[in-house]
Every structure is written in C-alpha cells, then in structure tokens.
Amino acid sequence: MYSDNKNIRQAVITLLLNYSILFLDKADPEGKVQLVSAVSGGAVQREGDAQNFLRLITMLGNLCYQDQETKEAVIGMVGDEINEKLKSLNSLEGIDEKTT
C-alpha cells in the first residue's frame, strides 16, 4: 500500500478510515482483518506524515472497538510496527511544536 506520493497515501488511508467507521456498526470480522492486512507490512512504520499516521491509528482503533478478536489480530499483525513508530516519535520530544 505504500507510495512516495503523500496525496495518494492520504487518499488510500482516508478510504480505509471510512471503511473502519462503517465497521463500527457492522459485525464483519473478515472485513476488519482485511483492513488490518492492508496496512500490515510496514505501512504504519513508514508513514512520515503526522495526519496520515493519525488516520491510520484511528482506523485501527475503530476496528478494535468492542471487538477482542480484531484487537488481537491488530496486535499480532501491526503491534510491533506501532510500537517502533511510537518509539521514534518519542525521540522527537523537545522539538518545538510550532515547527511541525
């Protein structure tokens, strides 16, 4: 799912976010796992744009909402990527927020 073009990544991530909102009211475990699969494989860790990263994390949170099975799938498929990305973001502490 990775592209060097930020606008393409934003469009794809926004589409996935919209699908995750749909799944808040629909019990479809297979569909949820397919959305997680779409971002597994490094997409979370490689995303450099803060807004796109926030959309990805929100999408994953929507999928996990009140669904233990999907939560376990998310942790298994992209949990390490999320942890690595958050560690790299934590190393940016002290950077003036006005410059980002």
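From the N terminus on, the elements of the protein chain run α-α-α-α-α. The secondary structure comes to 5 helices and 0 strands; helices (H or I, at least four residues) and strands (E, at least two) are DSSP runs, numbered from the N terminus. The model is predicted: local features need pLDDT of at least 70 and side-chain atom pairs count only at pLDDT 80 or more, while totals for chains, interfaces and linings use all residues. Residues are numbered from 1 along each chain as its sequence is written, and side-chain values use heavy atoms, with hydrogens and water left out.

**The chain as a whole**

Of the 100 residues of the protein chain, 34% count as buried. Buried means under 20% relative accessible area, exposed means over 50%, and partly exposed lies in between (1.4 Å probe, protein chains only). The protein chain exposes about 6,400 Å², and carbon and sulfur atoms supply 52% of this area. Accessible areas come from the Shrake-Rupley method with a 1.4 Å probe; for residues, only the protein chains shown count as cover. Among contacts between residues at least 6 apart in sequence, 67% join residues at least 24 apart, where contact means heavy atoms within 4.5 Å.

**Helix H1**

Helix H1 covers residues 6-22, and at 1.5 Å a residue its 17 residues should span 24 Å; the end C-alpha atoms are 24 Å apart, which agrees. The expected span of a helix is 1.5 Å times one less than its number of residues. The buried residues of H1 are Arg-9, Ile-13, Leu-16, Leu-17 and Ser-20. They cover an arc of only 105° around the axis, so they are on the same side of H1; the arc is that of the directions from the helix axis to the C-beta atoms. Helix H2 (29-39) and helix H4 (50-64) are among what covers these buried residues.

**Salt bridges**

A search of the whole structure finds 4 salt bridges. A salt bridge is a side-chain nitrogen of Lys or Arg within 4 Å of a carboxyl oxygen of Asp or Glu. The table gives some of them.

| Pair | Closest N and O atoms |
|---|---|
| Arg-9 and Glu-47 | 2.8 Å |
| Asp-67 and Lys-32 | 2.9 Å |

Arg-9 forms a salt bridge with Glu-47. This pair links distant parts of the chain, 38 residues apart: Arg-9 is in helix H1, and Glu-47 is in the loop between helix H3 (43-46) and H4. Arg-9 is buried, with a relative accessible area of 8%, and Glu-47 is buried as well, with a relative accessible area of 1%.

Asp-67 forms a salt bridge with Lys-32. Asp-67 lies in the loop between H4 and helix H5 (68-90) and Lys-32 in helix H2, so the pair ties together parts that are 35 residues apart in sequence. Both Asp-67 and Lys-32 are buried.

Lys-87 is exposed, with a relative accessible area of 53%, whereas Glu-84 is partly exposed, with a relative accessible area of 38%.
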